[in-house]
Amino acid sequence: MTQLLIEFKEQLLNKNMITMEKIISLSKRRGFVFPACEIYGGLANAYSYGPYGIELKNNIKKLWWEMFVHQREDVIGIDGPIILHPKLWEASGHTVGFNDAMVDCKKCKKRFRADHLINEFVKKDMEGNLEAMTEIFKKGEIKCPDCGAFDWTEVRNFNMMFKTRMNGIEGDIYLRPETAGAIFVEFKNIIDSMRVKLPFGIAQIGKAFRNEIIAGNFIFRTREFEQMEIEYFINPETKWEPLFKEWLKQQEKFTMALGAKKESLRFYEHPKEKLSHYSKKTVDIEYKFPFGFGELFGLAHRGDFDLSQHSKFSKTKLDYLDAKTNKRFIPHVLEPTFGVDRALLVSLLSAYNEEKTKDGDRIVMKFPKKLAPIKVAIFPLLRNKPNLVKKAKDIFNDLKKDFVCEFDDNGNIGKRYRRQDEIGTPYCITFDFDSLKNKDVTIRDRDTMKQERIKIKEIKDYLKDKLNEL
Ligand SMILES: [Zn+2]
């Protein structure tokens, strides 16, 4: 009896909880994110962004570019290639060092991250030592999560870079595992062509690829993903701590602009003994996802490692001449990184609301207005009245020059409101019979569901004001 009560209570609580299942289902139902190649059975946690997903994604990237490039005088942007010179990955250490330790189940042939299984079953943190890990698997205490067998291969390292070929080039070519490399190799061109003075940053948005074993969780971890990164170059003699703190604050500000609440965030500083030899400090900004805290963005002090390595491997001087002191030196770098797909997941989770209204329950995506995929939806009250449809279409054709709009005459008005609520459209406009006489329309607010009448000629100014509010 008590067990039943507990279960009932949990069900009641879960009903209003935001779960990944709810987000995944809404994303598919409303055209935000689809599992890719579904007709062929899907492919390894790959996703396609649908019509509203791509609008949301573009708005997130635009917000980032505005905040970190256009609004700053010390950051400029570039766009480098996905396929870069193979020497670059030798210099950065990716060719030999970018590995995951893997183990295969001999029975079902599935491959797993060895460190993850050891961590889960033996509660041990063992990084790097392949022989010691193999020994643990030999003891027969670790069960295959898939088939339940205890029979494992040796633990081996697998490089996470995607290999490809290029006509006319000998040897292995890779898809970039991070965007940063494309920035460092253009450091000299930027110094030579732009009037940059330290400290300054180079920003880039683009795709990166990692051949990882994927544990799911929707778009949280995918093999093909998009990054927004900045390499911020500083004089090694300036105090870096205040700059580091300021970048972290800016990253937090961006996270809040996605709609995230402060209490969903926490900062994880990597312990000194786990940092790469060149790094002075690394902090992850973690978000409380329904499956637990996970890394969202990161900030690292990378010293002069990257420029020094590329200078050594390319035999090209990558230094900076300080005009005041006439000294040449290799700058140090702070590296704020952001994942586009994770940012989008956070914006979906933060926007999701289930509400009881007098007309029944509704799901409403309360995106910040800047991020909303569609800003205004325009409806004729009835689709079978040509004069209403024509006038509503005229308003739509005029508004679409200034706002991302949608015209909808399907089903009844209540259903159209529900649909726009789930897309997160801040304003809906209805043209009805009174509109013909009074030259006005009804505007409905997504969040308050309040409706007001305004004159058709005042719609644009009204929307401009409202959409500029936060
Ligand atoms: Zn197995």
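**Figure 1. Contacts of Asp 341 in the predicted model.** Apart from neighbours within four places in sequence, Asp 341 is in contact with Tyr 49, Lys 57, Ile 219, Phe 225 and Glu 226. Asp 341 itself belongs to helix 12, which spans residues 340-351. With one of these contact residues, Tyr 49, the side chain of Asp 341 forms a polar contact of 2.6 Å.

**Figure 2. Strand 9 and its two pairing partners, strand 3 and strand 10.** Strand 9 comprises residues 200-209 and is mostly covered, with nine of its ten residues buried. Three bridges link strand 9 in the parallel sense to strand 3, residues 75-77. Within this pairing, Gly 201 of strand 9 stands opposite Val 75. Strand 10, residues 224-234, runs antiparallel to strand 9 and is joined to strand 9 by ten bridges. Phe 200 has Phe 233 of strand 10 as its bridge partner. In a regular strand, side chains alternate between the two faces of the sheet.

**Figure 3. Domain arrangement of the protein.** The domain assignment gives domain 1 as 33-93 + 170-348, domain 2 as 99-159 and domain 3 as 374-467. A distance of 31 Å separates the C-alpha centres of domain 1 and domain 2.

Conventions. Residues are numbered from 1 along each chain as its sequence is written. This is a predicted model: local features need pLDDT of at least 70, side-chain atom pairs count only at pLDDT 80 or more; totals for chains, interfaces and linings use all residues. Side-chain values use heavy atoms; hydrogens and water are left out. Helices (H or I, at least four residues) and strands (E, at least two) are DSSP runs, numbered from the N terminus. A polar contact is a pair of N or O atoms within 3.5 Å; within protein, one must be able to donate a hydrogen and the other to accept it, and residues adjacent in sequence count only if both atoms are side-chain atoms. Contact means heavy atoms within 4.5 Å. Domain bounds come from an automatic or database domain assignment. Buried means under 20% relative accessible area, exposed over 50%, partly exposed in between (1.4 Å probe, protein chains only). Two strands pair if DSSP finds at least two bridges between them.
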